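Subject: Handing over a structure, with notes on what was found

Dear colleague,

Please look at the sequence and the model first, and then read on.

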Amino acid sequence: MTDTAATPNVIRRADYAPPAFLIDTVDLEFDLVPERTIVKNTMRVRRNPAAAHTRDLELMGEQLEFVSAAIDAKPYANVRVHDHGITIEDVPDSFELTLTGACDPAANTTLSGLYVSSGNFFTQCEAEGFRRITWFLDRPDVMATYTVTLRADKAAYPVLLSNGNLIAEGDLPDGRHYAKWEDPFRKPSYLFALVAGKLVALEERIKTGSGKDKLLQVWVEPHDLDKTRHAMDSLIHSIRWDEARFGLELDLDRFMIVAVSDFNMGAMENKGLNIFNTKYVLANPETATDTDFANIEAVVGHEYFHNWTGNRVTCRDWFQLSLKEGLTVFRDQEFSAAMSGGDENAAARATKRIEDVRVLRQMQFAEDAGPMAHPVRPESYVEINNFYTMTVYEKGAEVVRMYQTLFGRDGFRKGMDLYFQRYDGQAVTCDDFRAAMADANGCDLAQYERWYSQAGTPRVRVTTRYDEAQKRYSVTLAQDYGNASPAARETQMGPLLIPFAIGLIGPDGADLPLRLEGESAANGTTRVLEFTEAQQTFTFVDVPAKPLPSLLRDFSAPVIVEYDYGDDELAFLLANDSDAFNRWEAGQRFATRELLALAARAAAGEPLEVDGGLVDAFGRVLNDETLSPSFRELALMLPSETYLAEQMALSDPAAVHTARQFVRKRLGTALKADWLATFDKHRTPGAYEPTPEAAGHRALKNLALSYLSELDDPADAVRLATAQYDAANNMTDRAAALSALLNTSAATGGDVASRALADFYTRFEREPLVIDKWFALQATQRGSAQRPVIETVRALMQHPAFNLKNPNRARSLIFSFCAANPAQFHAADGSGYAFWAEQVLELDAINPQVAARLARNLELWRRFTPQLRERMRAALEKVAAGVKSRDVREIVEKALA
Ligand code: B3K
Ligand code: ZN
């Protein structure tokens with residue numbers, strides 16, 4: 001891949017060229033010392049027969065100190081070391097190259113490459129961290145087999161781990177020791193990993209489906225060993241599920257997970273040696289919430305599933321990132337649905353689907369509406385780490401899910417089987433995946449490519465017509481992108497193939513059998529329409545009475561549906577739709593409409609009043625015992641302030657906050673007796689169990705508590721929350737009680753939370769992940785004119801437990817405030833933006849990847865009210881003027897362009 005002359009920093013998909021050289025084997029020797037680690041790298045290199053001839057070998061390298069070079073074991077002087085790598089001049093066609101260099105892991109605060117955390121060594125190589133360890137063709141289409149020797153002081157680093165199998169270990173002079181690892185599978189450099197330090201493991205031995213013995217280990221610091229069981233169980237469940245659903249077996253004799261507390265993202269799928277943020281490994285009932293337990297299961301699954309989708313078949317270049325990420329997110333979503341009982345139980349499956357769609361709509365739709373909008377397969381980037389996005393992951397997962405919606409589970413499985421049959425051991429493209437799906441199902445998927453190449457969120461406008469005399473019901477679908485952002489608009493070429501699932505509901509609330517014009521008989525009550533034109537009409541016949549359409553059932557495509565439902569129709573769907581997703585959706589539409597109308601009134605300073613129909617509809621859901629508690633909790637939660645603000649022509653977070661609080665209070669007050677009864681009924685006495693059922697009860701009970709905390713008279717909420725806080729045997733209930741107390745304090749201007757807040761800190765002082773929650777709860781609390789949260793946040797920055805260098809801690813305080821407390825962050829005086837600019841610049845000097853994530857928080861600035869918009873622009877310009885890293889620069893320049 002080459003830079004173009006005009007815009008030297010932009011990498012373009014169109015410029016892909018195969019590597020000039022191939023590297024078949026890599027032998028790495030590490031002498032691990034925190035301030036100066038020596039790396040000796042011996043590679044078998046040859047010219048790539050499929051590439052144009054070049055005289056010199058160019059290898060990438062960053063922040064490395066050159067020590068020596070040799071070709072075929074003889075010192076080699078024709079080398080030039082530069083900022084971005086090394087040039088080995090005039091090389092033979094095939095040779096052994098040895099490069100020795102040094103790096104400084106102790107000083108590496110970027111957490112990319114080799115670094116030290118809590119005195120132990122860890123690596124992070126995806127996407128381009130390997131070049132910070134040694135010089136290499138650090139691109140995913142160069143695949144090699146690796147042998148790794150680690151040498152270190154035995155007392156300080158008793159455990160030495162790398163990818164694959166341990167083939168030798170022993171003592172060395174001067175209190176040192178070594179371990180030698182061999183990974184039999186070819187892999188790209190981004191999957192390399194090593195870990196060294198004082199760690200202990202929970203171990204299990206299992207047999208895979210074909211009867212082979214496997215060793216599973218979860219490595220942590222000694223005091224965390226009591227929090228590893230759930231991660232181990234999640235790993236075993238993942239292995240079993242991938243065998244059963246996709247026929248994919250664990251291919252290595254040993255599979256390791258290691259937890260580290262300083263980590264830029266969630267986890268990393270290094271071959272056989274997954275490295276995880278502690279947040280996605282450590283859990284016991286006292287320290288982790290139900291959500292944490294579920295997230296651990298999902299992330300352990302995700303990284304494990306990468307072993308096939310990502311590692312065995314990898315990406316040709318980073319533009320293909322969604323090939324592995326979209327597919328693997330889809331797989332982890334299906335795994336979590338199965339674990340929650342969703343393979344037998346449609347309601348449990350819908351719960352998972354609702355949670356995933358909520359994330360997609362809140363985060364990915366917003367991304368698609370702003371300056372960072374890009375296709376699932378981006379066309380260009382400045383810094384690849386900025387493209388590990390909601391679009392590549394979550395929209396990418398939807399694009400994979402639609403194959404399954406079109407072909408069914410069996411057809412999807414055929415496509416997956418063909419994909420591995422064709423491409424195992426190779427670095428391939430999104431087109432290759434699509435070809436496997438098309439060929440396995442005997443289908444032409446040419447049009448489907450647009451899902452990979454077009455940015456922006458498609459809109460489907462629906463109009464319907466019932467012909468009483470002919471008993472015909474026609475549904476006309478029209479697709480476009482609405483007023484997409486300029487970044488999205490330039491990618492849009494034509495209509496998409498949209499699988500549009502639909503049902504028709506009769507006046508009695510039951511689904512009607514569906515027969516499309518031209519069919520001989522009715523067939524099912526949900527049909528997936530293949531919608532391929534800009535506009536298309538589908539006609540149902542034998543429709544006895546005017547139905548109500550249930551549109552885009554189970555959210556069958558990542559689009560926005562526009563249809564003019566009346567309030568009574570939404571209430572009817574909320575009460576009757578057989579599609580649990582659309583039941584939830586009807587309630588959300590109803591609430592969103594009401595909330596947006598109220599926000600407009602709040603912005604205009606007009607008095608507020610809530611429609612009685614909404615309160616009644618919510619009351620019916622609350623008391624509907626046929627619905628699972630987890631579904632009721634989701635249906636009764638109002639759309640988030642962030643989502644609502646994005647639906648406004650001009651985002652006005654203060655007005656949205658006023659409207660949403662008003663509705664919360666009204667629902668709390670009007671349904672008080674029901675909330676109290678619900679709270680009581682859904683307690684989970686006895687030992688804590690992280691099962692989906694028990695979690696559903698806790699979620700509904702704690703939602704009741706949160707509505708009660710809105711009441712003018714706080715007595716009930718304070719009594720119940722205090723008792724729950726003191727008696728809790730699990731973190732879900734304790735944190736929910738504390739959150740309710742904080743909310744009541746804000747609602748009443750009182751101070752009923754301080755005792756619990758102080759108790760929480762002392763109780764969990766030695767549990768960093770819980771202290772993260774303590775920071776986050778305060779950063780996201782409701783504020784008031786008298787008590788702006790920014791002041792609390794600034795005070796907490798001075799707390800001895802605050803540490804900007806630890807990403808989890810920075811996220812718990814700074815990101816929580818900037819991204820999850822919109823009403824306070826968007827304070828009219830611009831104080832939130834000034835704080836944001838300061839923190840982005842501070843982080844930029846420490847850890848550009850983390851800084852760039854925070855930098856994205858203002859990218860939708862043009863969509864806000866004029867007063868806020870100008871203050872946001874000023875903050876962005878401040879960052880643009882002081883930024884050092886390529887990561888943050890790309891974000892702010894795109895935002896300001
Ligand atoms: N593949 C890693 C993400 C790496 C991010 C690099 N900035 C985790 C995952 O998606 O499984
Ligand atoms: Zn992934």
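I begin with helix 25, whose buried residues are Pro 848, Gln 849, Val 850, Ala 851, Ala 852, Leu 854 and Ala 855, where buried means under 20% relative accessible area, exposed means over 50% and partly exposed lies in between, computed with a 1.4 Å probe on protein chains only. Seven of the eight residues of this helix, which runs over residues 848-855, are buried, so helix 25 is largely enclosed by the rest of the structure. Its buried residues pack against helix 22 (807-820), helix 24 (831-846) and helix 27 (886-896). Helices (H or I, at least four residues) and strands (E, at least two) are DSSP runs that are numbered from the N terminus.

Before going further, please keep in mind that this is a predicted model, in which local features need pLDDT of at least 70 and side-chain atom pairs count only at pLDDT 80 or more, while totals for chains, interfaces and linings use all residues. Residues are numbered from 1 along each chain as its sequence is written, chains are lettered from A and ligands numbered from 1 in the order in which they are written, and side-chain values use heavy atoms, with hydrogens and water left out.

The record places "Peptidase M1 membrane alanine aminopeptidase" at residues 231-448, a span that is 55% helix and 9% strand, with its end C-alpha atoms 37 Å apart. Finally, "Peptidase M1 alanyl aminopeptidase C-terminal" is annotated in UniProt for residues 567-897, a span with 72% helix and 0% strand whose end C-alpha atoms are 41 Å apart.

Which residues coordinate the zinc ion (ligand 2)? They are His 302 (NE2), His 306 (NE2) and Glu 325 (OE), at 1.9 to 2.1 Å, where donors are N, O and S atoms within 2.8 Å of the metal (3.2 Å for Na, K and Ca), and where sites may look incomplete because water is not among the atoms. The spacing of these donor residues in sequence is H-x3-H-x18-E. His 302 is buried, with a relative accessible area of 8%, and His 306 is buried as well, at 0%.

Leu 321 belongs to helix 3 (residues 321-339) and counts as buried at 1% relative accessibility. If its neighbours within four places in sequence are left aside, Leu 321 is in contact (heavy atoms within 4.5 Å) with Glu 126, Cys 315, Phe 387, Tyr 388 and Val 392. Glu 126 is also joined to Ala 127 by a cis peptide bond, with omega about 0°, and Ala 127 has its place in the loop between strand 11 (120-124) and strand 12 (143-153).

Leu 111, although not a glycine, has a positive phi of about 60°; it sits in the loop between strand 9 (94-103) and strand 10 (113-117) and is buried at 5% relative accessibility. Asp 554, likewise a residue other than glycine, has a positive phi near 55°; it is found in the loop between strand 30 (548-551) and strand 31 (560-562) and is partly exposed, with a relative accessible area of 31%.

Pro 685, in the loop between helix 15 (672-681) and helix 16 (692-708), is exposed, with a relative accessible area of 73%. Pro 800 lies in the loop between helix 21 (789-797) and helix 22 and counts as exposed at 78% relative accessibility; its C-alpha atom is separated by 35 Å from that of Ala 895, 95 residues apart along the chain.

With kind regards

Notes. UniProt positions renumbered as here; feature names shortened; annotations may be inferred.
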